[in-house]
Structure formats: C-alpha cells, structure tokens
Amino acid sequence: MKIIIPVKRVLDPYTQARVNKQTQQVDLSNAKMAMNPFCEIAVEEALTLKEGGAATETIAVSIGTDKTVDTLRTALAMGVDRAIFIKTDSELDLQPLHVGKILANIIQREEAQLIIMGKQAVDNDNNQTGQILSGLLNYSLGTFISKFDLSSDSNSVEVSREIDSGIETRKLNLPAIVTVDLRLNEPRYASLPNIMKARSKPLETIELSSLGIDTSPRIKVVSVEESGTKDRASKQISSAEELFTELNQMGVL
Ligand code: AMP
C-alpha cells in the first residue's frame, strides 16, 4: 500500500507575521519558514505504518515555489521514501480547490490507497483541502483524527475523532483520506545521518503548468490586518500568589 503525504511549507508558527500593506498579503520576504506542524504529524503517522510493515512506500508531495524543496527534504530526512515537487511560478497561495485538484491528479497517477494530511495549514487556517480532495476522488474521509488503526487485511482503517460529546470512532474503507489532529502522535526530528541520506533520495519535479489544471482564483482576499498581539503588554508571573495579586490589582477578581 502506497501512502501519500501532502506537506505544506508555511511561515514558521513561532515567528510574528507581518503584512505588506501594498499587496495585502503576509510578507514572506526573509521570513523563517517551516513544515506545517500538522503535516509533520501526518509524516510521522505514515512512517510508523511503513516501519510496522503496513505500507510499501511513503511519498511526500508539496506544491509551491523552488524553496518548497526544503520542506520536501525535511520530509525525506524524517524518513519518507521519495518526494514529488509541484513547481509553481508565484509565491501566491493557491486556493484549496486548486491544491485539491493538483493532489487528486498526483494521487490518481500514483494509485495511492491512503492519504495522510494535516487538518489545516497554520498560515491560512483553511481546513478545506482534505475535504475537497475526498469529494474530487470519491475516497472515504476521516477528519481531525487523534487515533489511527489500520485493519490487519489493510482494507480499512479505524479512526478516532475528538468531538464535543467525546471520542467518536469511525471505520473507513480504503482508499481513504485522513486529516490529522495534534494529539495523534509526537513527530520525530530528523537525525544528522538521515539529513545527509535525504540528499540522495528521489525527488521528482513537475511543472504545475504541465498538469493543465485551472488555477484561476475563485476567492479574493479583500484585506489582511496584523493581529496586534505584539503591542499587547505582557508580564511573566512566577507563582499562583503573584498571579492572584496581579488579577486583584487589575480588578478582575
Ligand atoms: P488547508 O486546507 O489549506 O488548511 O490545508 C490542509 C492540508 O492540505 C495541509 O496540512 C496539507 O496537508 C495540505 N496542503 C495544503 N496546501 C498544500 C500545498 N501547497 N502543498 C501540499 N499540501 C498542501
């Protein structure tokens, strides 16, 4: 069974986003970038399945400009077998429908049975791509999963989802798409030897234009404003007593 893991390169979640007032986009020039944290969890789950003998091959796929290759190299260094890079010309964020169509094309070409992906990309918080992909491919879908069990015959998976009323468990017949939540696992770090090994692993580049997919925007971002959190005053508190005194002084208690 082949597993495809779509991974996205995003602004490092631990850095402060800045908005370019002219373009009304988050300014990514000189920004520190990283693999979307939910995609790291997806990679970890796929690697665990491969190590347990359930998967024959793990393939990371990413869509973006040249720098996206760094994210794919990170996935290879974590242990993924090979990578597919869909090269775009512009830094502009593709919309989930476009990403879904591109991924559907690659998944059909690879005849992958299981797609493990992030529940959302932390840069735009769309939380749409997995759902759209499932509609396009007519694959079973399990969203926000916090537990994953492949059946012994590899024909289905049981997934648990944290919902308001508790934990819901669903059985999905393969082929299936799962979107992963934070508590599924703890992603591994790439070791130095694996970072070196990743350099010689296969990485195929496909020009987006060669796929013949319409990527004209359906949605227009009207404006983007900075969150303003950097202007908020903050204070480090060292004990519960100190917190109590502070809240008292603020009139909160
Ligand atoms: P979103 O629907 O944009 O919040 O993204 C959900 C998931 O879709 C991400 O965690 C990735 O697994 C996948 N995804 C989104 N954009 C891309 C991209 N440019 N390249 C590869 N995978 C992507």
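**Exercise 1.** Asp 66 is partly exposed, with a relative accessible area of 47%; working in this predicted model, find which residue forms a salt bridge with Asp 66.

*Solution.* Start with the distance: the closest N and O atoms of Lys 87 and Asp 66 are 3.6 Å apart, and the cut-off for a salt bridge is 4 Å, so Lys 87 is the partner.

**Exercise 2.** Take the salt bridge between Lys 32 and Asp 12, and work out which parts of the chain it ties together.

*Solution.* Here the closest N and O atoms are 2.9 Å apart. Lys 32 is in the loop between strands S4 (25-26) and S5 (33-35), and Asp 12 is in the loop between strands S2 (9-11) and S3 (19-20), so the bridge joins parts that are 20 residues apart in sequence. Now check accessibility: Lys 32 is exposed at 54%, whereas Asp 12 is buried at 8%.

**Exercise 3.** Is Arg 183, the salt-bridge partner of Glu 162, buried or exposed?

*Solution.* First, the pair: the N to O distance is 2.7 Å. Then compare with the cut-off: exposed means over 50%, and Arg 183 has 61% relative accessibility, so Arg 183 counts as exposed. Glu 162, at 32%, is partly exposed.

**Exercise 4.** Now zoom out: how many salt bridges does the model hold, and which residues are linked in a network?

*Solution.* The count comes to 17 salt bridges. The network links Lys 2, Glu 57, Arg 82, Arg 109, Glu 110 and Glu 204.

Methods. Residues are numbered from 1 along each chain as its sequence is written. This is a predicted model: local features need pLDDT of at least 70, side-chain atom pairs count only at pLDDT 80 or more; totals for chains, interfaces and linings use all residues. Side-chain values use heavy atoms; hydrogens and water are left out. A salt bridge is a side-chain nitrogen of Lys or Arg within 4 Å of a carboxyl oxygen of Asp or Glu. Helices (H or I, at least four residues) and strands (E, at least two) are DSSP runs, numbered from the N terminus. Buried means under 20% relative accessible area, exposed over 50%, partly exposed in between (1.4 Å probe, protein chains only).
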